[in-house]
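Work through the following exercises with the sequence and the 3D structure open beside you. Each task is followed by a solution that goes step by step.

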Amino acid sequence: MIIGRIREKVILKRVLESETAEFVAVFGRRRIGKTFLIEGFFEQQDCAFFHMVGIQKGALKTHLNEFFRELGEVFYHGAKIETSSTWMQAFEALMNAIQHRSQPQPIVLFFDEFPWLATKKSGLMEALEYYWNRFLKNDKRVKLVICGSSASWIIKKIINNLGGLHNRITEQINLQPFNLTETKLFLDSLDIRLSKLQILELYFVIGGVPYYLNQLQKNLSVSENINNLCFRKQGRLYDEFKQLFASLFDEAESYEELVRVIACNRHGISREEIEKNVQHTQKGGTLTKRLQDLEMAGFIKKFLPIGHARRGMFYRILDEYTLFYLQWIEPEKNNMALEIDDGQFWLNILKMPQYQSWHGYAFESVCYKHVSYIKKALGLTMATHIGAWRYTPKTHEDGSGAQIDLLFDRRDDAITLCEIKYSEKPFVLDKACADNIKRLANTFRTVTRSKKQIFMVLITASGLKANAYSKETIAAVVSLDDFFDDRN
């Protein structure tokens, strides 16, 4: 059963029912469920389903053997077909099989992990270009689906192709991790029943990645699952970080370095600062490309803080597991290697102050991923700019710095400033906190010289306990319940 993916299923249904040939590009980070979506959807439909899977660093002969095995299975009732030595010959055989098929049902050609198939000297891209333009695009039954985990490769070589496949894509799907609602539905399908706070705790660590969620054991608590998956050498997520980058990028160490530099800056880092702190990536086009690759793969997000246009884009880590690995797993590996760890690291860390501090940062990241839910909860239909704001006084200036976690610049002559606070219990706003929030609002108005009406909003997991300070300071409250669809 396919959980969520409502928009994607609508696209695939349109493709299947189309009266013309279709060319679909699907991309998204590793483990996100691309293959599961395409297989799960089309295998339930009345169609011929040809599925070819690329092997990382696989030989041309190996790939062609698999191609002809699948060709015989789908079009010739499992008969063994003699393997050719080139992709041109392979596509000729595929075209002949399609032309000799008399049934009117759609024919889905699914090439999975296509970047691993279409290596520089393989000849696959040339064969695809020729046979798509010459034959396949003219058969309304043909639905070609190209899929890959390397988002930058798919976008550059397929979607934005400047050669024979230019402007041939009819649909594209950028598959994203589950949001909190979809994560709950997925866990329910595994018969893992958790509260919203427990789901959030899990999301802090592994995000909405289906493969990671599928590793959970329902007879263990959230903390026990995290401990087993991340802090034991045999755990599935113990070495996932290295494997993830190695599978996506040719120069994995350079991309890892970029991610580490960005992760050191909680509220984001400018490109200028990135350039100063990396050694394995040259400035200019190489850095631009690698930052784009990381963003397309879902590891980072770029944003333009209000009032910092001259400094250009800032970057912050978006992927939950990456943050968690660098914050907790990697530092603990030394202890595990020396065998001085008792195997209960995460269960012990729950009692430590740094655990609460990390919660706050992780909650901010989840909020950024659920901005549409926050807008809906606040009834904001006229926000023209969504971003963050930071002020650091110069050495000769008085006053302290200020950081606005999230803001909505609205068309109705108002700005909503959001303070994000994680708390497992209803948050209590005391005098010191209320004074700090007022200071933030005043500093923002003074520095930006904004004449707009300012509303202060508190985003917290468990709501706000009403008192005199909250009534005076806070215009609205967004809680964890607002991050889940009402029907769930």
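**Exercise 1.** Are H8 and H9 roughly parallel or roughly perpendicular to each other?

*Solution.* Before starting, note that this is a predicted model, in which local features need pLDDT of at least 70 and side-chain atom pairs count only at pLDDT 80 or more, while totals for chains, interfaces and linings use all residues. Residues are numbered from 1 along each chain as its sequence is written, and side-chain values use heavy atoms, with hydrogens and water left out.

Step 1. Locate the elements, remembering that helices (H or I, at least four residues) and strands (E, at least two) are DSSP runs, numbered from the N terminus. Helix H8 covers residues 180-189, and helix H9 covers residues 196-206.

Step 2. Two packed helices are described by the angle between their axes and the distance between the axes. Axes are lines fitted to C-alpha atoms, for helices over the stretch in contact, and angles run from 0 to 180 degrees between N-to-C directions. For H8 and H9 the angle is about 105°, with the axes 11 Å apart.

Step 3. Angles under 35 degrees count as roughly parallel, over 145 as roughly antiparallel, 65 to 115 as roughly perpendicular and the rest as oblique. H8 and H9 are therefore roughly perpendicular to each other.

Step 4. The contact (heavy atoms within 4.5 Å) is made by Leu 180, Thr 183, Lys 184 and Leu 187 on the H8 side, and by Ile 199, Leu 200, Leu 202 and Tyr 203 on the H9 side. By class, these residues divide into six nonpolar, one polar and one charged, where Ala, Val, Leu, Ile, Met, Phe, Trp, Tyr, Cys and Pro count as nonpolar, Asp, Glu, Lys and Arg as charged, and the others, Gly among them, as polar.

**Exercise 2.** Describe how H9 packs with H11, and list the residues that make the contact.

*Solution.* Step 1. H9 and helix H11 (residues 222-230) pack at an angle of about 15°, and their axes are 10 Å apart. The two helices are therefore roughly parallel to each other.

Step 1. From H9, the contact uses Gln 198, Glu 201, Leu 202 and Val 205, and from H11 it uses Val 222, Ile 226 and Cys 230. These residues divide into five nonpolar, one polar and one charged.

Step 2. Leu 202 of H9 is listed in the contact with H11 and also in the contact with H8.

**Exercise 3.** In what order do the strands of the five-stranded open sheet lie, and which helices pack on it?

*Solution.* Step 1. The order is S2-S3-S4-S1-S5, with parallel pairing; two strands pair if DSSP finds at least two bridges between them. S2 and S5 are the edge strands, each pairing on one side only, and the twist averages 15° from one strand to the next.

Step 1. H7 packs on the sheet by touching S1, S4 and S5, and its direction makes about 155° with that of S1. Helix H2 (residues 34-42) lies across S1, S2, S3 and S4, running at about 160° to S2.

Step 2. S5 has a covered face, with Glu 171 and Ile 173, and an uncovered one, with Gln 172 and Asn 174.

**Exercise 4.** How many residues of H7 are buried, and what do they pack against?

*Solution.* Step 1. Buried means under 20% relative accessible area, exposed over 50%, and partly exposed in between (1.4 Å probe, protein chains only). Seven of the nine residues of H7 (residues 151-159) are buried, including Trp 153, Ile 154 and Ile 158.

Step 1. The buried residues of H7 pack against strands S1, S4 and S5, and against helices H5, H6 and H15.

**Exercise 5.** Is Val 53 buried or partly exposed, and which residues does Val 53 touch?

*Solution.* Step 1. Val 53 is found in strand S2 (residues 48-53) and is partly exposed, because its relative accessible area is 34%.

Step 1. Not counting residues up to four places away in sequence, Val 53 touches His 63, Asp 112 and Leu 117. The C-alpha atoms of Val 53 and His 63 are separated by 8.1 Å, the two residues being ten apart along the chain.
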